[in-house]
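Try each task before reading on to its solution.

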Amino acid sequence: LGGARCRAGPLCTRPLSAVVRLRAPQRPPGRGGPPRAGGGGWRKGVAGASEEEEEEVVDELDEDEDEDEEGVEELLGPSPLALGPGVQRVAVVHPAVKWGPKKSPLTSAELQIAEAVALVDTLQNWTVLEKIIIPTKNPDKKFIFGKGNFQILTEKIKKLPHVTAVFLNVERISSLTKKELEDAWGVKVFDRYTVVLHIFRCNARTKEAKLQIALAEIPLLRSNLKNEVSQLDQQRGGSRYIMGSGETFMETQNRILKEKELKIRNALEKLRRKRSLLRTQRRKREFPIISVMGYTNCGKTTLIKALTGEAGLQPRDQLFATLDITAHAGYLPSHMAVIYIDTIGFLTDLPHNLVESFSATLEEVAYSDLIVHVRDITHPETILQKATVLSVLKNLNIPSHLLDSMVEVHNKVDLIERYKPTEENALAISALHGHGLEELKEEIEKKILTATGKKILTVSVNLEGPQLSWLYKEAAVQEVEVMPEDGTAKVKVIISSSAFGKYKNLFPNSKIFMP
Ligand SMILES: Nc1nc2c(ncn2[C@@H]2O[C@H](COP(=O)(O)OP(=O)(O)OP(=O)(O)O)[C@@H](O)[C@H]2O)c(=O)[nH]1
Ligand SMILES: [Mg+2]
């Protein structure tokens, strides 16, 4: 890939496998409560998992982590974009549909080109030299532009002496069109797919992200191969057989690519199995899971940082800062421990197979108890962004109850004076300044209790009896307030309906205080 590196430093995120290592970030402000045994003491009380058990899971999951690392680098290989090292000076060309059925009702060419520029700005050493909007009737057809407009465009590009590449802001161009445009303009031509993929490549840190990128790059390698073969054919006048093998060069290369694709899919499948093991572990520990989703740069990481107090999280004003799904522990108002999952942001016209290669990661979302949809309400395209997020979620086969219970959050309201959401049930917040977070946590807690069928209640127990240890085993004890005068304690618990039924049967005389 040469010298094109991202502006961002190393990502400071916590891979999903860190879930089982979570430690309570702070002790909740409660009276009494279970005793603290070392660092994980409080959590031990909440989740009912011993530390030894926890370490065991970590060991099991970390196994062969390192030995695979080299294999992943090999599968990822050099970038198929074949970019030279160093600087790229880019002309961003946006084919705008002025009318007809292909015209997007929600967006304007200026805003679309602004997003394309933001994508280029994400990359270190890449600068935008020129922005050109050029009309077209149908950007999906083979040559994108009409003859006259193409000539105007070619003249404009040729007049830019320092330009090294053209970023054509369409989802995908065929290898044939790409070649023709490159021949006509004498510079490299990228589409959205290649630019986004390049950003992903720069931001990928974990094995899973790298494998997903390797998978998404296969179609590029395939079209590169096609070009290479047609060039060879032109030079030599026909396909050549590799001596003795009976296979043409194209067939051999295609076979190698297929094998590579299979290896990547297998490696991803292995990671997926690991993930499902983690999921079972988490279920056992009864941490409710909240997936935080939204358009890229809307403030997901900032929000999770604010909700969990995790200092290591690094939000950045950059598209696709987060590429790995990561998990972070936080507390709801009643001291319930939950896990927030930070996810990759969405983008309009994100090429289909790119989404597909990341959908394994996003599969995690389907297993969460609640989705929080964060929106950058200050963005001029916020409505289109919402539509994009909802449509991607639909395509991911997220269970409908999760879509129905989704919490919509309007973020960055500090930038708008006296903001009032027009959508019913949306919550206005500023993740950066911490406004509206208490209300948000209350709302999340309400929905989590409904989703998990749990109740929060306080019971009075006799300290000499078995109730307290029963509750520690079967429910999540939040607070214990001892009444020394009569040897009882008031215990606040989060308990499932079925465990509550059992409790009432076992201890019919225990006093119960509903909230
Ligand atoms: N003014 C303001 N800026 C915010 C707020 N929340 C986030 N930001 C800024 O928005 C930018 C993006 O924030 P992130 O938290 O990295 O966004 P993200 O959704 O995680 O982005 P990706 O991971 O790239 O998809 C950063 O510069 C944040 O400081 C907010 O409430 N107010
Ligand atoms: Mg992020």
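**Exercise 1.** Which residues in α12 are buried? Work out where they sit around the helix axis, and what they pack against.

*Solution.* Keep in mind that this is a predicted model.

Step 1: Locate the helix. α12 covers residues 382–395, and its 14 residues reach 20 Å from the first C-alpha to the last, close to the 20 Å expected at 1.5 Å a residue.

Step 2: Apply the burial cut-off, 20 or more other C-beta atoms within 10 Å of a residue's own. Q385, V389 and L393 are the buried residues in α12.

Step 3: Check the directions. Because these residues cover an arc of only 70° around the axis, they lie on the same side of α12.

Step 4: Turn to the other side of α12, where I383, S391, K394 and N395 are exposed.

Step 5: Find the packing partners. The buried residues of α12 pack against β5 (289–294), β8 (370–376) and α13 (400–405).

Step 6: Look past the end of the helix. N397 follows α12 and has a positive phi, near 60°.

**Exercise 2.** In what order do the 4 strands of the open sheet lie? Then place a helix against them.

*Solution.* Step 1: The order is β2-β1-β3-β4, with parallel pairing.

Step 1: Pick out the edges. β2 (126–136) and β4 (188–190) each pair on one side only.

Step 2: Follow one pair. β1 (residues 88–97) is joined to β2 by 10 bridges, and V93 has I132 of β2 as its bridge partner.

Step 3: α4 (residues 109–121) lies across β1, β2 and β3 (165–168), at about 155° to β1.

Key:
Residues numbered from 1 in each chain as written. Chains lettered and ligands numbered in written order. Predicted model: local features only at pLDDT ≥ 70, side-chain atom pairs only at ≥ 80, totals over all residues. Pairing = 2+ DSSP bridges. Helix = DSSP H or I, 4+ residues; strand = E, 2+ residues; numbered from the N terminus. Contact = placed C-beta atoms within 7 Å. Axes fitted to C-alpha atoms, helices over the stretch in contact; angles between N-to-C directions. Expected span 1.5 Å × (residues − 1). Buried ≥ 20, exposed ≤ 12 C-beta atoms within 10 Å, placed from the backbone. Arc of directions from axis to C-beta.
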